[in-house]
Amino acid sequence: MKTTMKWLPLMVMALAASGLISSFILTSETMGLSLVVAGVAVALSALIRVKGPLRQPTLDEPPDEREQSWSNRANLYAFGTVALIAMAGTMGFAGWMMFAGASGYGAPFQMGVSLFAFGMVLFVMFMLLPTLFASWSMPDIIEDESEPDGGLRFVRPRRR
Amino acid sequence: MHNRIALFRAERGVSRRELAEAVGVNNQTIGYLERGDYKPSLELALKIARFFGVNVELIFSLTPFSPIASALKRVGDEP
């Protein structure tokens, strides 16, 4: 049974964001820690996506029309949000590079690490926003009293 | 959209899983349909109506269905 996850994706996104923020603060010797933190968030995001309320379709078990509809809505919401943040981040990094070129503040190594961490944050959001959307907006599953297991076990639909 | 899937299912003694397998959807989708949390496609509505052997208008409606008690009373009052 797929579970709803209303808070866990938010916590993992916060973890990824803390990795990005720390890349601006830490020195070049400790900056690798930022990527480790963001990397942990990336790994957790993949796990949460699989365990989340949106079932991952396979060739043997394709989604039915309701699952497809929810998946489409959740992914559309996620794509829009990630695209906006990516645009804002691109402009931010471009501005930082221009500022660094003029003032000498910000080493290219630090920019590279921060940019890498930003890419990880985008990946985490891409993975988790659909799960978050579905967790908050999908109605709870009700049990089927006529089934011994409550009808909550996934049953592969017949192909027609 | 309103529907009488739960009523037909109860009357025929069909579980959600049996109906879901017959119309080719996940069994949880039937639960969402019954609760009105999901609007079916025309294809799914027609498949459900065919499964119960009735016209689609008897199961799905854009307006709320009248309660069974009042429908029975109406039939009983007819001369």
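What covers the buried residues of α4(B)? The legends below take up this point and others. This is a predicted model, in which local features need pLDDT of at least 70, side-chain atom pairs count only at pLDDT 80 or more, and totals for chains, interfaces and linings use all residues. Residues are numbered from 1 along each chain as its sequence is written, while chains are lettered from A and ligands numbered from 1 in the order in which they are written.

**View 1. The buried side of helix α4 (residues 42-52) of chain B.** Leu44(B), Ala45(B) and Ile48(B) are the buried residues here (buried: 20 or more other C-beta atoms within 10 Å of a residue's own; exposed: 12 or fewer; partly exposed: in between; C-beta atoms are placed from the backbone). They cover an arc of only 100° around the axis, so they sit on the same side of α4(B) (the arc is that of the directions from the helix axis to the C-beta atoms). Their cover includes α3 (65-103) of chain A, along with α1 (5-12), α2 (16-23), α5 (56-59) and β2 (60-61) of chain B. Helices (H or I, at least four residues) and strands (E, at least two) are DSSP runs, numbered from the N terminus.

**View 2. The other face and the end of α4(B).** Leu42(B) and Glu43(B) are exposed on the face turned away from the buried side. Just after the helix, Gly53(B) takes a positive phi of about 70°.

**View 3. The fold of chain B.** Six helices and two strands make up its secondary structure elements. Along the sequence they follow the pattern β-α-α-α-α-α-β-α. The C-alpha trace spans about 45 × 25 × 20 Å along its principal axes. Of the 79 residues, 29% count as buried.

**View 4. Helix α2 (residues 32-51) of chain A against α4(A).** The two pack at an angle of about 15°, with axes 9 Å apart (axes are lines fitted to C-alpha atoms, for helices over the stretch in contact; angles run from 0 to 180 degrees between N-to-C directions). The helices are therefore roughly parallel to each other (angles under 35 degrees; over 145 is roughly antiparallel, 65 to 115 roughly perpendicular, the rest oblique). Residues of α2(A) in the contact include Leu35(A), Val42(A) and Arg49(A); those of α4(A) include Phe116(A), Met120(A) and Leu128(A) (contact: C-beta atoms, placed from the backbone, within 7 Å).

**View 5. Trp136(A) in helix α4 (residues 108-137) of chain A.** Trp136(A) counts as exposed because it has 12 C-beta neighbours inside 10 Å. Trp136(A) and Val37(A) are 99 residues apart in sequence and 26 Å apart in space, C-alpha to C-alpha.

How values were computed: Contact = placed C-beta atoms within 7 Å.
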